[in-house]
Amino acid sequence: MESIGVLLLCPVFSYLDQELDKRFKLYRYWNYPQSVQFLKEHANSIRAVVGNSNYGTDAALIDALPKLEIVSSNSVGVDKIDLNKCREKGIRVTNTPDVLTDEVADLTIGLILAVLRRLCECDRYVRSGKWKKGDYKLTTKFSGKTVGIIGLGRIGTAVAKRAEAFNCKISYYSRTEKPESNYKYHPSVVELASNCNILVVACPLTEETHHIINREVLNALGPKGILINIGRGKHVDEPELVSALLEGRVGGAGLDVFEDEPNVPEELFGLENVVLLPHVGSATVETRTAMADLVLGNLEAHFQGKPLLTPLV
Amino acid sequence: MATDLPNILVMGPPLIFPDFQSQYSHSYNFLTFFASSLPLPQYLSSLNILPSSIRAILCNNMQRVPADLLRSLPSLALLVTTTMGTDHIDMPECRRLGVRVATAGGSFSEDVADFALGLLIDVLMRISAANRCAKKWLRSELPRNIPPASRVGGKRVGIVGLGKIGTEVAKRLEPFGCKIMYTSRTKKSSVPYPFYGSAVEVAAESDVLVVCCSLTEETHHIVDRAVMEALGKEGVIVNVGRGSLIDEKELVRRLVSGEIGGAGLDVFQNEPLVPCELLSLDNVVLSPHAAAVTSESFHHIMELVAATLHAFFENKPSLTPVMQD
């Protein structure tokens, strides 16, 4: 398989880079600033593309790679891959579902606690020496609160299970009601937001869910409510969120994703009711390894004519 | 000032005291002994107050309540502490003198357990460390070398002390897919987790230790060099009990030298002083003894203390919950 050309769109976890390099003829796209030239020279040997949630495969790239057979994304989200075009051309697409479900759910609880109990601020307080001058202020209890989840898929369900152990009540909004779950369904996001203390975005990004968190939802969530986004930055109307936080119309936020990564709205720095993370959900060693193994497994299965492990298309 | 309001000697002082004092200034005469540098006998005589007029103390763990102080108040019958722990009180002397000690009981167990989980997730997944980097990410600077994050799921978590707090911690950990085990003074027959007879034994089988037991003579430095050695290089310790449950000097040494993986610490041997070596480490999360401090617990303890003192001075049983002994 060492002669099969694989185009790697972005730097990845070192284990994945090394294994791709070992098993295929690997082209690291960012090393070729003259991409047009590069594609002319090598397009005919490239049969696979590996990208991630930020580096996708659009129609233009698909057209430039006539021998492309498979796009194996090192992510769950595939909103930057032109799935319809892939279907049209018979190009297979795989992602890395499930292996990061638990980690993202763990991070969600970690973010909720970090915001409500001001963990990062407490840590800053001690490191700055302020504790010598007085105690930190009262924070907000998590146990027993109502958690509203947008999207009761794998991640949403995993979040719900964890929050239940904290005696939280769970409610949700989903495209369709899930009667087999014991959680309270709300037919709209605004209604969900009005009736919960902690609103968690856990749905995939689609045209319908773009800016699903807007001004109306934020006002419904209210000055005592907090927003947790572990989905995609574009789930949230970011300028609206910023003004809601600055004006105190929303009580706080924990954000792992942003509309225009790596740009984070400057106004949010220094707000002690906001915890910002540089897209770390999936950053543990265990998850990165598991995701890499899925990317490699899918590529190998394809080129050996075996069934794909986690196909989307 | 001599009044016919009952005297309450205040030590510490408890976090609730300023609010409590303003709310109940017409019910009690609060003696703010915590603010005085005089020894108790001189303090009382400076106010023309007889030691025998003091039947109740309100305190927290910021000041010790030693035997000689207890003995100097012949009418003392009730000691209210707004803490769960009683390591600041000479309990044998209280028992000897027939002084009832009312504590916060299980009031804070949920808040403390929540916080312990928060610290545990933060240390393993590097949440506070990543938060510090978020600003650099904006400017596309290379992030500082955050130590790699590790999953919570699958970790073996050893709980040191399966009391009220330990039980709540275990319950919260279950859906995370952690293997839970514990050591405690006695084995709990109704509990599904494996029991180990000592901290060393549980540490040998754990990736993470969560320390939530009370501080007594037996549990002083229960997490010592041998326990840390058994836990190993990748081990993580979370402490929401008391600073002196851990040999702090040894812990700091191991964190600095890389002989232990990380720590989440809400308590320290000499609060509010924190060993300065910790202040620059990315594999520790530090907090200012804040695990129990929420608005909810604050209001709850206000009500409990009010009901307890009211029932005591009225000599009537309370209609609302009072503090446990």
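Predicted model: local features only at pLDDT ≥ 70, side-chain atom pairs only at ≥ 80, totals over all residues.
**The interface**

How much area do chain A and chain B bury between them? The figure is about 4700 Å², and carbon and sulfur atoms account for 64% of it. On the side of chain A, three residues deserve a look in your viewer: Arg117(A), Arg127(A) and Trp131(A) together supply 17% of the area that chain A buries against chain B, more than any other three residues.

Polar features cross the interface too. Between chain A and chain B there are five salt bridges, and 25 residue pairs are in polar contact, with both residues at pLDDT 80 or more.

**Salt bridges**

Over all chains, the structure holds 34 salt bridges.

| Salt bridge | Closest N and O atoms |
|---|---|
| Asp123(A) with Arg132(B) | 3.0 Å |
| Glu19(A) with Arg23(A) | 2.8 Å |

Why are Glu19(A) and Arg23(A) separated by about one helical turn? Both belong to helix H1 (residues 14–23) of chain A, and they are about one turn apart because four residues separate them in that helix.

**A cavity in chain B**

Searching the whole structure for cavities of 30 Å³ or more turns up one. The space in the largest cavity comes to about 50 Å³. Which residues line the largest cavity? They are Asn239(B), Gly243(B), Ile246(B), Glu248(B), Leu251(B), Leu265(B), Val267(B) and Phe268(B). By class, this lining consists of five nonpolar residues, two polar ones and one charged residue.

**Backbone features worth a look**

Most peptide bonds are trans, and most residues other than glycine have a negative phi.

In chain A, the peptide bond from Glu261(A) to Pro262(A) is cis, with omega near 5°. You will find Pro262(A) in the loop between strand E11 (252–255) and E12 of chain A. In chain B, the bond from Gly12(B) to Pro13(B) is also cis, and its omega is near 0°. Pro13(B) sits in the loop that runs between strand E1 (7–10) and helix H1 (17–24) of chain B.

The last stop concerns phi. His211(A) is not a glycine, yet its phi is positive, at about 50°. Where is the place of His211(A)? This residue lies in the loop between strand E9 (198–201) and helix H9 (215–221) of chain A.

How values were computed
Residues numbered from 1 in each chain as written. Chains lettered and ligands numbered in written order. Heavy atoms only, no water. 1 Å grid on protein atoms, 1.4 Å probe; cavity = no way out; pocket = protein on both sides within 12 Å on 5 of 7 lines; lining within 4 Å. Points joined across faces, edges and corners; volume = space filled by probe spheres on them. Nonpolar A, V, L, I, M, F, W, Y, C, P; charged D, E, K, R; others polar. Buried area = accessible area lost by both parts, 1.4 Å probe. Salt bridge = Lys/Arg side-chain N within 4 Å of Asp/Glu carboxyl O. Polar contact = N/O pair within 3.5 Å; in protein donor to acceptor, adjacent residues only side chain to side chain. Helix = DSSP H or I, 4+ residues; strand = E, 2+ residues; numbered from the N terminus.
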